[in-house]
Amino acid sequence: MGKISPSILSADFSRLGEEIKAIEEAGADYIHIDVMDGHFVPNITIGPLIVKAAKKVTKLPLDVHLMISDPDRYLDDFIEAGSDILTVHAETCPHLNRTITYIKEKGVKAGVSLNPSTSLSSLDYILEFVDMVLIMSVNPGFGGQKFIENTIQKIELLRILIDKNNFDIELNVDGGINTDNIEKIAKAGANVFVSGSGIFNTEDYKKTITLMKDLINKANQMMA
């Protein structure tokens, strides 16, 4: 069963609490929170205070994606703010095993994200320890970008790797996902789908999320 994780990066921040409640009522499974520092990625977004505020208005798990340099400095801040899943980038963690272990010791699910050009080999000695892998299907930093097509092969290869080892890991994809391409991404093996503008730029969140889930189910039935 696929899960939809709307990225609030594309929400109307002047009424963020209402937007979060709206996507929860529309059938979202996670709330995806993109944290950017203007250093690792060319944009600055939000910090722990927004995570803490979001925690007050939703019962959905907060899927917090740290697109920041030196994330170890801020792990405690985001954990204390209420993150349920905390994803760091392999490119920013020189001691990735230590970082993942620390997050899990704090009772939070731990994820690793890979940029589009980062090889799956970066996961060789960490995959068995993580709860989620997030494949970036755009270069991180901005919402509304176009899906990078060769990411499909990367998703397929990761799905084979996860299944071969019987790992209990969610395969998350983030970037350029909408109702036009979510079915093929599901066919490739993803089971969590981050979508920002693909949801928030539509008039009816519930209709969009329902259609996305129908397309995911269609893909899953074809593979069964």
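User: Which residue in E4 is the bridge partner of Leu66?
Analyst: The partner of Leu66 in E4 is Val88. Strands here are DSSP runs (E, at least two residues) and helices are DSSP runs (H or I, at least four), numbered from the N terminus. The model is predicted, with residues numbered from 1 along each chain as its sequence is written, and local features need pLDDT of at least 70, while totals for chains, interfaces and linings use all residues. Side-chain atom pairs count only at pLDDT 80 or more, and side-chain values use heavy atoms, with hydrogens and water left out.

User: How many bridges join E3 to E4?
Analyst: Strand E3 (residues 62–67) and strand E4 (residues 85–89) run parallel and are joined by four bridges. Two strands count as paired if DSSP finds at least two bridges between them. Val64 has Leu86 as its bridge partner in E4.

User: And how does the chain get from E3 to E4?
Analyst: The chain passes through helix H3 (residues 75–81), in a right-handed β-α-β crossover. Right-handed means that, with the strands pointing away from the viewer, the path from the first strand over the helix to the second runs clockwise.

User: What about E4 and E5, in which sense do they pair?
Analyst: E4 and E5 pair in the parallel sense, over five bridges. Ile85, for instance, has Lys109 in E5 as its bridge partner. With helix H4 (residues 96–105), E4 and E5 form a right-handed β-α-β unit.

User: Is E4 buried or exposed?
Analyst: Five of the five residues of E4 are buried, so the strand is largely enclosed by the rest of the structure. Buried means under 20% relative accessible area, exposed over 50%, and partly exposed in between (1.4 Å probe, protein chains only). Ile85, Thr87 and His89 lie on one side of E4, with Leu86 and Val88 on the other.

User: What is the strand order of the whole sheet?
Analyst: The sheet is open and has eight strands in the order E1-E8-E7-E6-E5-E4-E3-E2, with parallel pairing. E1 (3–6) and E2 (31–36) stand at the edges with a single partner strand each, so one side of each has no neighbour in the sheet. On average, neighbouring strands are turned by 25° against each other, direction ignored. Axes are lines fitted to C-alpha atoms, for helices over the stretch in contact, and angles run from 0 to 180 degrees between N-to-C directions.

User: Which strands does H2 touch?
Analyst: Helix H2 (residues 48–57) packs on the sheet and touches E2 and E3, its direction making about 170° with that of E3. Contact means heavy atoms within 4.5 Å. Helix H5 (residues 151–164) also packs on the sheet, touching E5 (109–114), E6 (132–136) and E7 (170–174).

User: Another topic: which residues of H1 are buried?
Analyst: In helix H1 (residues 16–25), they are Leu16, Glu19, Ile20 and Ile23. These cover an arc of only 100° around the axis, which puts them on the same side of H1; the arc is that of the directions from the helix axis to the C-beta atoms. What covers these buried residues includes E1, E2, H2, H7 (197–200) and H8 (205–223).
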